[in-house]
Amino acid sequence: MMLVCLLATTMQAGKYQNFKVSTYIRAQDVARMDDEKFLKSTWETVSSQVDLDKIYLETHRDAFIVPEKTLTKVKKFFLSKGLEVGGGITFTRSEPTDFETYSYAREDERQMVKHISEYTAKFFDDIILDDFFFIDLKNDDEIAAKGSKSWTEYRLRLMADAGRELVVGPAKAVNPKVKVIVKYPNWYDHFHGLGFNLEEEPTYFDGIWTGNETRDPASAQHLQNYLSYNISRYFENIAPGRNLGGWVDAGGINMSMDRYAEQLHLTMLGRLPEIILWNYMQLVDVKISPSMRAAWQSEGGNSFRYDEMVAPYTRDGKTITPTTMARFADQTLHQTDRLMSHLGNPIGLVSYKPYHSSGEDFLQNYLGMIGLPMDMHPQWPDNREQVLLTQQAAKDPQLVEKIKRQLRKGGDVIITTGLLKVIKDELSDVVELYCGDLKAIVNDFGRSGKSEREFIIPQVKYFTNDAWEVVSAGRPLTGGVSGYPILLRDTYSKGILFVLTIPDDFGNLYDYPAGALNIIRSVMSKDVGAYIEGPSKVSLFPYDNKTLVVENFNDNAVSLRVVVNAKVDKLRNLLTGEEFKPAQVAVSRWRFVGYTDKQTVFDIQLPAHSYIGLGY
């Protein structure tokens, strides 16, 4: 009974201290709301289960425009409910036909895009463009307009100009107060190929939004859980202070309620000021089902608690039984809001990704899932002790000179085997290494432990006593006949260059034994202030006020260590006040292995699919 009362109080408060919560109604559904019964009944379902601050009404999708009379009526209704109301546009001709977009080489279709922008600006002072402000067509007109350019070159220029000429400019001519915001989806490493121009568009759009959906990793995009956080930080570094919100849909809820909740939670850990629950009709139609209760819920102690979320609660004197995913969203976001009040600004290991770059696509999200806190930047950072470089960094023609500069000032550079393959000749002035087509099958990491399966890695070749293996692997390594570097180091001037071996299948990073991961995390923690020890699929989210969040994505409980790179007296649970005392550990005399006398170690346990906020 006490729990029900507590939840009811939270619902009645209806205020989020650290962000806004919004939803979005597609054009075809806005049109259905001309039926007053449909409008009121759907609102009753949604509003009784989730606290909302704002709603976005879409004017166009799939060559359909909502009539002015209907749009005006629906806008007035939601304003009467105390919500802010914004606009939305999806520039598609036919989503069912492979997300067919408008053809920006055809004048009649360009004029349609311009008309839609002008029409929408008449009704709203802020407008979000849904995912589809790109081009995926190769019709004869587009082929002729492309000429001798590559598709990437052509589309980047085409869409950067279209945004100015057909969307932002026309909208502001109609409504000088309007803010036009471009929402980018979750497949950021492929944007340039379809014309999303992350270099130019954020300079003239009034803001950007972030697609944080990771859904089921087994589905078409194969996105890792960590992306729901990582992409927020990347877009914030592209447009500081103008990454205005995140966007999560119901994808993945088929796996469990936890998978949906994690996406919402991770989005807000990125410190975004708003989140859109995509979309309004999902909040109405995606019904709560016992199949959404994962097996680990029976173990108890989980951060996201299905049984509590589906329990009846009291609101405005009425007892309400939750019926849809709206309730999951509400309880997850209120819970995360309380945590966010304790956290500072996110920090992490900087990974340099130049604009319009490809290579080892989405790798940083796998690294986040093995406990390396990622902080992706489109510009080279000059003020960090460590910089991580994946194959994407090869896009920068001055890369090796920047590597030398970082090493000369005493910093570290960590490169992946994917990058080594493409810059080995240029890098030879720093270190002579080779990584080509030779492969090795490994499962034994020696004193760092064994993996549960065999997998394939690229072989890195180096000169003995010029470079040194920090972590090694073989099949077997102990008692075997050969081994290969997993983490290699070499010195140059005052700094250290590390090479991190990336398996052919990035998912095999999760098969690295905890002993190997612990060393890798320790080596790469200089700018973070702390690291974790334990298995893979546990992520670390550090903040600049000496707080951090540790989150377990495994289907089972895990035992972990948090290692603070300073002498501290305790760790405290940010939400409960519980204190953790330091563990008694021996100091190691070996470089990169064990603990120094300047570190403090704490033992914690985390249930399946759960997190803890900590301060020191």
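**Exercise 1.** State how the residues lining the second largest pocket divide by class, and describe that pocket.

*Solution.* The lining divides into 10 nonpolar, five polar and 10 charged residues. Here Ala, Val, Leu, Ile, Met, Phe, Trp, Tyr, Cys and Pro count as nonpolar, Asp, Glu, Lys and Arg as charged, and the others, Gly among them, as polar. The model is predicted: local features need pLDDT of at least 70 and side-chain atom pairs pLDDT 80 or more, while totals for chains, interfaces and linings use all residues. Numbering runs from 1 along each chain as its sequence is written, and side-chain values use heavy atoms, without hydrogens or water.

Next, the lining has 25 residues, and Phe99, Asp131, Phe132, Trp187 and Arg215 lie nearest the pocket centre. A pocket is an open set of points on a 1 Å grid over the protein atoms alone, with protein on both sides within 12 Å along at least five of seven lines; lining residues have an atom within 4 Å of a point.

**Exercise 2.** Which residues line the largest cavity?

*Solution.* A cavity is a set of grid points where a 1.4 Å probe fits but cannot get out. The largest cavity is lined by Tyr188, Phe191, His192, Phe196, Leu198, Tyr234, Lys353, Tyr355 and His356. By class, this lining has six nonpolar, two polar and one charged residue.

**Exercise 3.** Sort the residues in the contact of α10 with α13 by class.

*Solution.* From α10 come Met257, Tyr260, Ala261, Leu264, His265, Met268 and Leu269; from α13 come Phe328, Ala329, Thr332, Leu333, Thr336, Leu339 and Met340. Contact means heavy atoms within 4.5 Å, and the helices are DSSP runs (H or I, at least four residues) numbered from the N terminus.

Definitions and conventions: Helix = DSSP H or I, 4+ residues; strand = E, 2+ residues; numbered from the N terminus.
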